[in-house]
Amino acid sequence: MATTTATINIASADLTDNALNFTNTATLNKRGNLEGLDTIISATKTFTSTSAVDLVAVTGFTATAANKVYIANTGTSESDYFVIGIESEEIGRLYGGDWMFIPWDASTDDDITITPSVATAMTAEYMVFS
Amino acid sequence: MATTTATITLSSADIQSDVLALTKQATLNKGGTTTGLEQTTGLNKVIYTATTNIVLLDSTVLGVGKAAKVYIANKSTDASEFVLITINAQIIGRLYAGDWMFIPWSQSDAAGNIELAPSVATALPVEYMMIHEGATQTSA
């Protein structure tokens, strides 16, 4: 059993009148118990087309599990973005430097899709914990 | 203009033969710009006492196609308790006790609400926050 943690810090000195600064750490466990997730897939992909493609397909993953997925747009462009979706539903857009971290159900057809906004070599990195 | 950052750190000494130690910081800007997001719901805490599927965040016209960011955390300490997160009826995943998620939310259309269904009706606490570009106000 592995022990993996994911920590988030959100901070701002001027978003609100009082400074915002909070941190939360999750230990990545399997569904409904205290046993750690013990497999990882880590990859970096460069895209040169604006076609929607599967970034992570459900094949090989346990459905309705407590999988976790991290995705980042490693670019620096404020205008270029990836549209991230699950099946046909758009979640959001990762602009240059943005990242996301989600629990992933991985049920039938729940592939994670990615669509670059431009065809000029955009790069994403991702990890799947399961 | 506000400057807000979101930083993730992923760490493990034993999930693979090499130590995992990743840190990534994002500056939360409006879509397609270097101007910081300047509106927020603030950090909310709600204790759910029913398993009813509810709208956690309502997709609104002013938010469609923009660069809102959403943080949700299950603050339960019972490992078996989870909240099911969906967008427009599409299941994203289950946040078990102690889990959190952070996503860009482009509110793809008016039906693109973020919804939450607790697994138990026994006082399940959830924290959430949205940092955004704008939200349609409801007339009184």
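1. Start in chain B, with a pair of strands. S7(B) and strand S10 (residues 114-118) of chain B run antiparallel, joined by five bridges. B:Ile85 stands opposite B:Leu116 in S10(B). B:Leu84 faces B:Ala117, also in S10(B). Keep in mind that this is a predicted model.

2. S7 has another partner. Strand S7 (residues 82-87) of chain B pairs with strand S8 (residues 90-96) of chain B, again in the antiparallel sense, over six bridges.

3. What lies between S7(B) and S8(B) in their hairpin? Two residues separate the strands there. B:Asn88 in this hairpin has a positive phi near 50°.

4. Now put the strands together. In chain B, an open sheet of four strands has the order S5-S10-S7-S8, and the pairing is antiparallel.

5. Step back to the whole of chain B. It has eleven strands and zero helices. Read from the N terminus, the elements run β-β-β-β-β-β-β-β-β-β-β. The C-alpha atoms fill a box of roughly 50 × 40 × 25 Å along the principal axes. Of the 140 residues in chain B, 43% count as buried.

6. Take the contacts in chain B between residues at least 6 apart in sequence. Of these contacts, 73% join residues at least 24 apart.

7. Next comes the interface. How many residues of chain A are in contact with chain B? The count is 51 residues of chain A, in contact with 51 residues of chain B. On the chain A side, the elements giving two or more residues are strand S1 (4-12), strand S2 (20-27), strand S5 (67-73), strand S7 (89-95) and strand S8 (99-104) of chain A. S1(A) gives the most, with nine residues. By class, this side of chain A has 24 nonpolar, 16 polar and eleven charged residues.

8. Check two residues of chain A here. A:Asn9 has B:Thr7 as its bridge partner in S1(B). A:Thr7 stands opposite B:Thr9 in S1(B).

9. The pairing of the two S1 strands belongs to a sheet built from both chains. This open sheet of four strands has the order S2(A)-S1(A)-S1(B)-S2(B), with antiparallel pairing. Which strands stand at the edges? They are S2 of chain A and strand S2 (20-27) of chain B, each pairing on one side only. The twist in this sheet averages 10° from one strand to the next.

10. A last hint for viewing any of these strands. In a regular strand, the side chains alternate between the two faces of the sheet.

Notes. Residues are numbered from 1 along each chain as its sequence is written. Chains are lettered from A and ligands numbered from 1 in the order in which they are written. This is a predicted model: local features need pLDDT of at least 70, side-chain atom pairs count only at pLDDT 80 or more; totals for chains, interfaces and linings use all residues. Two residues are in contact if their C-beta atoms, placed from the backbone, lie within 7 Å. Ala, Val, Leu, Ile, Met, Phe, Trp, Tyr, Cys and Pro count as nonpolar, Asp, Glu, Lys and Arg as charged, and the others, Gly among them, as polar. Two strands pair if DSSP finds at least two bridges between them. Axes are lines fitted to C-alpha atoms, for helices over the stretch in contact, and angles run from 0 to 180 degrees between N-to-C directions. A residue is buried if 20 or more other C-beta atoms lie within 10 Å of its own, exposed if 12 or fewer, and partly exposed in between; C-beta atoms are placed from the backbone.
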